[in-house]
Each structure stands twice: as structure tokens, then as C-alpha cells.
Amino acid sequence: MEGCPYPTIATFNIECEGVHKLLWNLQLYKATGPDAIPTRLLQEFASKLSPVLTLLFRASLSKPLSLMTGNRLLWHKSSRKATKALSCETQLLLRLQDLSAALDSSEQIDAILLDFSKAFDKVLYEHLGVKLCHYGIRGNILAWINSFLSNSSQQVLVEGVKSSPVPVTSGVPQCSVLGPLLFLVYINDMPARVKSTTRVADDSLLYRKIKPQQTLWPNRRTLMHCKSGNKPGRSLTPVKCIHGHKLANVKTGKYLAVTFANDLFWKAHVHSSIKSANSSLAFLRRILSSCPKDIKPQCYKTLFRPVLDYRTAV
């Protein structure tokens, strides 16, 4: 497509062997979908079902799969380096290094913590289509994605009683394979919308070394001033309203489930982790009081220890 930096995604064929592999690798603990077909049944009868499903997937793509299309989109996206993928541990260590280096140099960093609550529900289909086309997702695949997202409705089920269906006009389904990938495509160009001196981390944290008369300008939620506790003095950045949103000035904030403090001490994170771990421990004590002894250590290691051990490297 003229004017777009990314080439059109290559056409691909849906093969029976690929469908069989996907069925065989399904995770058994996943809940059933709206069709109420158990995952175990799909896995155990993969050899029988894969030829039929292959025909259905081919027909679906030619008429304008979720999993097949998602895998292909992910490969295309990564091969074109549309995003730089880093693990949560690496992201946290890199951010901590930048913040601690600034504090050691008696400099101030202002960090903006973006609020992505209900973000999946606010993806506009028209804008998403433009961005998919920009990244090379065109033709039948783009038409299939538009069909996947359009003409949807939602209902609420309470004690067996369903509400009237309501049309869904925006948002991508979080429980699907494509949903999270489409959301990442939607926000992929966020770093390009801020100044070059501002660092964007994992699309939910922005920060910059602050000097007099400098500020951060994106639509934002909370601000944390990180500066050395040994250097008293007022903050260089006053609280402002940006695009009608008042910015709350906070001393702690969560990034990738780790509580950062503006002085980089970990008391707040430790307190939060202990509180969460105690809740898990109380739950285990209630439900495991009469279970076999060999079950208790397994549940402890699965549900309790990970809360305390989470991101210990940071």
C-alpha cells in the first residue's frame, strides 16, 4: 500500500497439520467458550476434528482463525519489529536503573503512571482498522478481523436469567487470542507521540529528568516525583491539569505489580506483598484444614510463595 512503511502481510494457507498441532497444544485448564465444548474433548479428538476445522477455517478466511490468524499476525508484527518485546523482569530492572541513577546524581525524575483500566473496551474499530492497514494487515485478513469485531452484542447472566442484548460498538475481547494482540497494535505508536527526552516503558509508564521550565505533556493520571531525600527543596514540576485531567501527585505507584516509592525504598511494596500473602494464607487455611498433608505444601508453594517471591530480583 502506497505511503505505508510496512509491506502487506504474506498470504498463508491453513493446513490440517497446523490445526492439529494447535488443538493438541490446547491448555486443559482453560475455561470453555460460548460453544461449551470442553478443551479436553478438542485435544483428545484432535486427529478427527482437525480436517473438519481446517475446512471451516479456510471458508471463514476466504469469505470476508482466531488462533491461526493470531499466530500469523504475531509473526508478521515481530518480524517487522513493530514493537520491542521485553520481559516484565527486564522492564522493571531497566526502569529501576534509570531512577536510581538519577537519585544518585541528585537529579529529579517525574514519572507518569498511566491508567489503562477498561482500556480493552475503548478501542475504536475505525482507528484500529487504520493502524492494522498501516502495519501491513490488509486484504482478506483485515476483512476477517473487521468481521470478527463487528455486529457483536453482549448480555449479562444472573442466576440463569439473561438481560436483553446490547450492541458492542467498541473494544476488543480480552478472553480471545486476537484481543490482546489487537490492543497492542492499537497502542503501538504511543512512544512516537511524546518528546524524545521522555522515556516510555511498557506503554504504561512515562518518565523524564526534570529541569526548570520542563514538564510532561501527554494525557495522564498520576505523577510521582523521584528525587534524593538528602536534597531538600520543592519539586520542579507543579501539579497541573492536562487536557482537562487533574494530575494526582503521589509518593508511591504500581508498575507491573511492583510498588515503587519516590525515594526508591521498598517499605510500601513489602507491606503490600505481606498483606496480599496473608490473605492468600488465610484462604488456604480455611479450605485446606482437612485435606491430606501432601496437598498443603503444594498449595503453599503455588498460591502463597509466589506472592512474596514476585520480582525479587528487582
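How many bridges join β12 to strand β13? The exercises below use a predicted model.

**Exercise 1. Describe how β12 and β13 are joined.**

Step 1. Locate the strands. β12 covers residues 252–255, and β13 covers residues 258–261.
Step 2. Pick one residue. Lys254 has Thr259 of β13 as its bridge partner.
Step 3. Look at the connection. Two residues lie between the strands, and β12 and β13 form a hairpin. Leu256, in the turn, has a positive phi of about 50°.

**Exercise 2. Sort the side chains of β12 by face.**

Step 1. Gly253 and Tyr255 point to one face, and they are buried.

**Exercise 3. Classify the ring pair Tyr300 and Phe304.**

Step 1. Ring centres must lie within 6.5 Å to pair, and planes under 30 degrees apart count as stacked. The count comes to three aromatic pairs.
Step 2. For Tyr300 and Phe304, the centres are 4.9 Å apart and the planes are at 25°, so this pair is stacked.
Step 3. Tyr300 is partly exposed, with a relative accessible area of 33%. Phe304 is buried, at 8%.

**Exercise 4. Find what sits over the ring of Tyr186.**

Step 1. The charged end of Lys131 sits there.
Step 2. Its distance from the ring centre is 4.8 Å.

Methods: Residues numbered from 1 in each chain as written. Predicted model: local features only at pLDDT ≥ 70, side-chain atom pairs only at ≥ 80, totals over all residues. Heavy atoms only, no water. Phe/Tyr/Trp six-rings, centres within 6.5 Å; stacked < 30°, edge-to-face > 60°. Buried < 20%, exposed > 50% of the residue type's maximum accessible area, 1.4 Å probe, protein only. Lys NZ or Arg CZ within 6 Å of the ring centre and 35° of its normal. Helix = DSSP H or I, 4+ residues; strand = E, 2+ residues; numbered from the N terminus. Pairing = 2+ DSSP bridges.
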